[in-house]
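Biologist: I've got this one open on my screen. Walk me through how the parts pack, please.

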Amino acid sequence: MDIGMFENILFAMVRTGTPLLLVALGAMMSERAGVLNLGQEGMILVGAACGFIAAYAGSSLGWGVLAAVISGVVVSLLFAFIALTLISNQVATGLALTIFGTGLSAFLGAGYVGQTITGFNTVKIPLLGDIPLIGKALFEQDLLVYLAFALFAAVFVVMRYTRLGLIIRAVGENPDVAHALGYKVMRVRYGAVMFGGAMAGLAGAYLSLAYTPMWSEGIAAGRGWIALALVVFASWRTERILLGAWLFGFASILHLLLQGYGYEISPNLLAMLPYVVTIVVLVLMMYRQQNQGLFAPRSLGQPWHSPK
Amino acid sequence: MTLLTRKKFLRVLGATAALLTLSANVFAAPLKVGFVYVSPIGDAGWTYQHDEARKIVQQEFGDKIETTFVESVAEGADAERVIRNMASRGYDLIFTTSFGYMNPTIKVGKMFPKVKFEHATGYKTAANVGNYQARDYEGRFLAGMIAGAMSKKNVIGYVGAFPIPEVIRGINSFMLGAQVMNPDIKMKVVWVNTWHDPAKEREAAESLILQGADVITMHTDSAATIQAAEAKGVYSVGFNSDMSAYGPKTHLTSSTQHWESIYRAKIQAVLDGTWKPEAIWHGLREGVVALSPMNPLVPKEVVEKMEAYKMEIVAGSRAVYQGPIYDQAGALKVAEGKTLSDEELHQQNWYVKGIEGKIPQ
């Protein structure tokens, strides 16, 4: 194993982890506000399809990203209306959103299968990109990866240091108290769900405009579900989401890289790795949770309406 | 008064029905032919090739047939529902074009003994169910010749979906073709364990490129491999349909399928009343398998040699698996002067010499 191999593994890890990071940040935000949205996969797919279509039609990647984000927000609003305003079961609504998004994206994208666009290119940041080992992974990626880093930093700051972060957490822990204190629970939850939609849409744009610049049905390939597991894995902490996204990204491509380097490890075994990691972490977390209290926002997934 | 009207009405109705029956006998209704596709048609790929063939036969037969298709039908319970629905709506001949439709097709076939079914890529037939396949490996062999000639580092990279005989056959055939042009050629294979995850396909392709492969090909569904090769400036070879749009500079050629000759023959047989269930496996000779237009970067003499081999395969004087062929361990798998039978081709679970790594068990 030489340094070049490590550089390449780290580079691929960050790239693979980026869609997971984006989705998980958004999902965490809405879960922190008490809303469990299992529709991530559907929102990614709608974002990926709309992003690709807009980029293709407008021949501009910027329009593509914008369209992906907006379409993500629009479908998340559908979820918010049904789950929050109509107070339906969040789990069922989220699952419905995934199924709906899968179908809608396939329908919208049907005419675009096989079309090509020029996707985002990597942009090397001078000096930083030359740092051995990590330079390539962190500073020689495409613009959307850098945007993901920036959004990670923003979410981190908001959740840890700002009043808004406190309000979001209060709404997720105990909406009745937050309401009694005069905070607009509904508005906060709507906002958090919409942020989640925007992030999932952006992750879709990353897939169809940067990672593999094409539209093909089911391009998300289960990443929405992995991101949901990742939020639990990270126990709803922003910084752990970043590490988790990289770890999951690493686990999901390790077998491809090792095969390429000629290591004779069963690819089937390695392909299981992300899921094994999830199960192990869940077991550990439940164990800790029993001893040290809950990690999940207390009102997560519970319907709430303002007292009349 | 009402009674009279009803009587009149019934009489008119009866007359119309009689007239309709009569006219149906005089002007034969078009043969209804249905197609079930596993994915959207799009602009390239497996399903696209089937639909191109459907359009060709529809045009050729004109008003003698009426074709319809249902796209994006998931394998499994959905497939059975769609096929049954088609059969119950009076379709005479139904083509089901994905491996996973095999059991649903057989099952629905039993329920509708008068309807004829043709299933692609499986291995089961029944009284009213036929089976058809393309000898893709012949196209892989010719494409492998091009790849072997174009590789400068003598390493080919192959992205495989699952280590099943169909994929392994493609890998071996590609390698045998490459060895014709370049005896020193090596091949690395990376398995992605999915038919469709563009991001993983790209990672697999890039890991092969990092390992020195300078011609990349794949047996997965998306064109992510071709894109990855274009981005890294190495050559690629596509599959199913012409994938040059994904790699305008570096795509060399694609091994493609053209189903119209099979569809034409089967439809004609049903029209003539001579249809019978059979398992057919057509390739270069019947025009079911072909190579897409060649990248101009491929030297003329390479194309000529490939064409010469193609002619020999078409004429039957050459087979892709023509001995002597050795496996990785050097054991003789096909003796001098022998070829592999179709059954042996279907059961391949070994790599030819020169391929690196082991087949995952």
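Predicted model: local features only at pLDDT ≥ 70, side-chain atom pairs only at ≥ 80, totals over all residues.

**Helix packing and the chain contact**

Modeller: α11(A) and α7(B) are roughly parallel to each other. Residues are numbered from 1 along each chain as written, with chains lettered from A and ligands numbered from 1 in written order.

Biologist: At what angle do α11 of chain A and α7 of chain B pack?

Modeller: Helices here are DSSP runs of H or I, at least four residues, and strands are E runs of at least two, numbered from the N terminus. Axes are lines fitted to C-alpha atoms over the stretch in contact, and angles run from 0 to 180 degrees between N-to-C directions. For α11(A), residues 238-260, and α7(B), residues 198-210, the axes are 8 Å apart and the angle is about 25°.

Biologist: Which element gives the most to the side of chain B that touches chain A?

Modeller: Contact means C-beta atoms, placed from the backbone, within 7 Å. By that rule, 35 residues of chain B are in contact with 31 of chain A. β7 (186-191), α7 and α8 (224-232) of chain B each give two or more residues to that side. With nine residues, the biggest giver is α7(B).

Terms used. Parallel < 35°, antiparallel > 145°, perpendicular 65-115°, else oblique. Contact = placed C-beta atoms within 7 Å.
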